[in-house]
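Here are my notes for your first read of this entry. Keep the sequence and the 3D view open side by side as you go through the points.

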Amino acid sequence: MPVYVFACHECGSFELARPMAEASSRASCPTCQREARRVFTPPRLARLAPPMRRALDTEEASAHEPRVVTEKRGRPLRPHQEQVPPWVLH
Ligand SMILES: [Zn+2]
């Protein structure tokens with residue numbers, strides 16, 4: 001389950017794991033029980049590598065506004081070096 005960051009006006013931010021479908025609904029602060037708003041840019045994402053962050057952003061966006069994929073993206077996985085059979089002399 002993804003972890004989202006919420007901010008309470010009184011107590012500051014806290015993290016909450018919830019289903020992605022409920023990501024944007026409000027949560028109540030575990031300390032004072034007041035309504036807390038979701039923070040849309042969780043600091044923990046900033047520490048991830050850029051490609052990972054992009055993947056998460058895409059996942060997030062498609063949860064709210066599903067997009068139709070019109071083309072295939074990405075390349076087939078390929079080893080860095082050609083596999084050389086052991087019987088081939090260099
Ligand atoms: Zn609070």
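1. Burial comes first. A residue is buried under 20% relative accessible area, exposed over 50%, and partly exposed in between, using a 1.4 Å probe and protein chains only. Of the 90 residues of the protein chain, 13% count as buried.

2. Next, the ground rules. This is a predicted model, so local features need pLDDT of at least 70 and side-chain atom pairs count only at pLDDT 80 or more, while totals for chains, interfaces and linings use all residues. Residues are numbered from 1 along each chain as its sequence is written, and side-chain values use heavy atoms, with hydrogens and water left out.

3. Check the confidence. pLDDT is the predictor's confidence in each residue, from 0 to 100. The protein chain averages 75, and 56% of the residues score at least 70. Among the elements, strand β3 (residues 27-28) has the highest mean, 92. Helix α1 (residues 43-46) has the lowest, 53.

4. Now the layout. Helices (H or I, at least four residues) and strands (E, at least two) are DSSP runs, numbered from the N terminus. The protein chain has four strands and two helices. Along the sequence, the pattern reads β-β-β-β-α-α.

5. Look at the metal. Which residues hold the zinc ion as donors? They are Cys8, Cys11, Cys29 and Cys32, each through SG, lying 2.3 Å from the ion. Donors are N, O and S atoms within 2.8 Å of the metal (3.2 Å for Na, K and Ca); water is not among the atoms, so sites may look incomplete. In sequence the donor residues are spaced C-x2-C-x17-C-x2-C.
Cysteine 11 and cysteine 29 link distant parts of the chain, 18 residues apart. Cysteine 11 sits in the loop between β1 (3-8) and β2 (12-17), and cysteine 29 in the loop between β3 and β4 (35-39). Cysteine 11 is partly exposed at 41% relative accessibility, whereas cysteine 29 is buried at 1%.

6. Then the geometry. The four donor atoms of the zinc ion make angles of 104 to 113°, and the site is tetrahedral. Four donors count as tetrahedral if all angles lie between 85 and 135 degrees. The ideal angle for four tetrahedral donors is 109.5 degrees.

7. Turn to the core. A nonpolar core is a set of buried Ala, Val, Leu, Ile, Met, Phe, Trp, Tyr and Cys residues joined through side-chain atoms within 4.5 Å. The largest one has eight residues: Tyr4, Phe6, Cys8, Phe14, Ala23, Ala27, Cys29 and Ala36. Strand β1 gives the largest share of this core, three residues.

8. Find the rings. How many aromatic pairs does a search of the whole structure find? There is one. Rings of Phe, Tyr and Trp (its six-membered ring) pair if their centres lie within 6.5 Å; planes under 30 degrees apart count as stacked, over 60 as edge-to-face and the rest as tilted. The ring centres of phenylalanine 6 and phenylalanine 14 are 5.9 Å apart and their planes are at 20°, so the pair is stacked. Phenylalanine 6 is buried at 0% relative accessible area. Phenylalanine 14 is buried at 11%.

9. Finally, the loop between β3 and β4. Proline 30 lies there and is exposed at 52%. Phenylalanine 14 touches proline 30, among others (contact means heavy atoms within 4.5 Å). Glutamine 33 lies in this loop too, and is exposed at 55%. Its phi is near 65°, a positive value in a residue other than glycine.

Notes. Four donors count as tetrahedral if all angles lie between 85 and 135 degrees; four count as square planar and six as octahedral if opposite donors are over 155 degrees apart and all others between 65 and 115; anything else is irregular. Lists of a residue's contacts leave out its neighbours within four places in sequence.
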